[in-house]
Amino acid sequence: MTYLSSKHPAVPYGETRRRGVPAARYPAHSDAPRLYGPGVSQSLAALYRQLRAEHGVVAPVLLEGDIPAWLVLGYREARFVASRGELFDRDSARWNAWDLVPPGWPLLPAVGKADSVMWVSGAEHARRSGAIHDVLTEVDLFELRSRCARIADELVDRFADTGEAELMYQYAHVLPARAIAGILGIPAHETAAVVLDLVRILDQGPDALDAHGRISALLARLVAQRRAAPGRDVISRLVAHPAALSDEEAIQDIFVLVGAGQQPTAYWIGNTLRLLLSDDRFATTLAGGRRSVGQAMAEVLWEDPPVANFTGRWAVRSTQLGGQRIQAGDMLVLGVAAANVDPTIRPDACVGSAGNQAHLAFGHGEHRCPVPAEELAEAIAETAVEVLLDRLPDITLAIPAHHLVWTPAVWVRGLAALPTTFTAV
């Protein structure tokens, strides 16, 4: 399996590019660095430090295809943008760079206007998000943990007698997908294809749009089936909710639940395992119980959040932000990972963040991840980590931690592979 994309050459984090960005329209972007490519994903922390040093809390960057945008690096500025919809909203129709976007642009699923709860605002967002909150609240967390434990045991059984496993694709990606499929009522035999298509979308490869279409078609079929013959799953409850979602609204919002639930949870699992297996602070306490697992999961949300950057805020009018002149229609990317380590709020990054829930890993403002969804993701991830460590107590990394490769997509922060060894059982 190939884990690094070769469609772009590796670009050192300090190297700048000039690829035809209209200088008169975007004067600050003529020498802006790329926020994409395998070279960048391996050194994001260095890129964030350089951008902060050169530009402050808001920096010009180039997205895939050298499309201009602003990366919000400051914690307070990111919270401000996320909570001020009257200044920075989710309507991508405002974007002043649409004429620069090539056909088949791989980021279209992430920035193109869609009729989902992620894009609507105000009363419409309240209607849609309220329905999601209600149906997810009805999911039994105890039952979910039991289901996840069974899935985890089954997955570990597949490689336990081999003495080695690549935990991202053999475990971390598969477990949350199957758990979420069970919650939604997606047939088990279709789960594997859904997992692969979600990876294609978030990796932003050339087949991302095709993958998006296949998942949408599957969800359309399931929505029609549940309207005709409802069950006890989330899709059935959502289409029957008093919010009276149309078929298209239901399809779009279920897609959000699948995408936002599976991939970030998989990377939460992988990043937590990486920390537990590579950091002596946790390795020395693993035998002592569950406390170190919870601490590691919490630390990951600060230091290596599964969603590293949120895209999709557009300036309603020209304004100033972080000392930069933002034009009406400019796109802003919320740099979650960068904001979490903003030195103005964390002057000593070495100080632990245990118990502090002020991170931006689940977003902020109107479009923040619903609390029930956070609870479900935590239950899935925690169970996955705990069962694996219980079953394979001497598991170790097969390569040094600094040799692990991060996925090229800078929107997510996750490992391309997590090779491990252990005593075969």
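User: Why are H5 and H12 called oblique to each other?

Analyst: In this predicted model, helix H5 (residues 122-137) and helix H12 (residues 247-278) pack at an angle of about 60°, and their axes are 12 Å apart. Axes are lines fitted to C-alpha atoms, for helices over the stretch in contact, and angles run from 0 to 180 degrees between N-to-C directions. Angles under 35 degrees count as roughly parallel, over 145 as roughly antiparallel, 65 to 115 as roughly perpendicular and the rest as oblique; H5 and H12 are therefore oblique to each other. The helices themselves (H or I, at least four residues), like the strands (E, at least two), are DSSP runs numbered from the N terminus.

User: What makes the crossing of H5 and H12 right-handed or left-handed?

Analyst: A crossing is left-handed if the near helix is turned anticlockwise from the far one by less than a right angle, and right-handed if clockwise. H5 passes H12 in a right-handed crossing.

User: Which residues of H5 and H12 meet, and how do they divide by class?

Analyst: Glu124, Arg127, Arg128, Ile132 and Leu136 of H5 meet Glu249, Gln252, Asp253 and Leu257 of H12, where contact means heavy atoms within 4.5 Å. The contact of H5 with H12 holds three nonpolar, one polar and five charged residues, given that Ala, Val, Leu, Ile, Met, Phe, Trp, Tyr, Cys and Pro count as nonpolar, Asp, Glu, Lys and Arg as charged, and the others, Gly among them, as polar.

User: Why is H5 called oblique to H16?

Analyst: H5 and helix H16 (residues 371-391) pack at an angle of about 40°, with 8 Å between their axes, and that angle makes H5 oblique to H16. H5 passes H16 in a left-handed crossing. His133, Leu136 and Thr137 of H5 make the contact with Pro372, Ala373 and Leu376 of H16, and these residues divide into four nonpolar, two polar and no charged.

User: What makes H6 oblique to H16?

Analyst: H6 and H16 pack at an angle of about 40°, with their axes 9 Å apart, and that makes H6 oblique to H16. H6 passes H16 in a right-handed crossing. The contact includes Leu144, Cys148, Ala152 and Val156 of H6 and Leu376, Ala379, Ile380 and Val387 of H16; by class, the contact of H6 with H16 has 12 nonpolar, one polar and six charged residues.

User: Where is Arg147 found, and which residues is Arg147 in contact with, leaving aside its neighbours within four places in sequence?

Analyst: Arg147 is found in helix H6 (residues 141-159). Leaving aside neighbours within four places in sequence, Arg147 is in contact with Ala179, Gly182 and Ile183. Arg147 and Ile380 are 233 residues apart in sequence and 9.2 Å apart in space, C-alpha to C-alpha.

User: Why is one side of S4 and of S9 left without a neighbour in the sheet?

Analyst: Three strands form an open sheet in the order S4-S10-S9, with antiparallel pairing. Strand S4 (164-166) and strand S9 (396-397) stand at the edges with a single partner strand each, so one side of each is left without a neighbour in the sheet.

User: How do you know that S4 and S10 pair?

Analyst: Two strands pair if DSSP finds at least two bridges between them, and S4 and strand S10 (residues 419-421) are joined in the antiparallel sense over three bridges. Glu166 has Pro419 in S10 as its bridge partner.

User: How do you know how far to trust the model?

Analyst: pLDDT is the predictor's confidence in each residue, from 0 to 100; the mean for the protein is 87, and 90% of its residues reach 70 or more. Over residues 1-18 pLDDT stays under 50. Local features need pLDDT of at least 70, and side-chain atom pairs count only at pLDDT 80 or more, whereas totals for chains, interfaces and linings use all residues. Residues are numbered from 1 along each chain as its sequence is written, and side-chain values use heavy atoms, with hydrogens and water left out.
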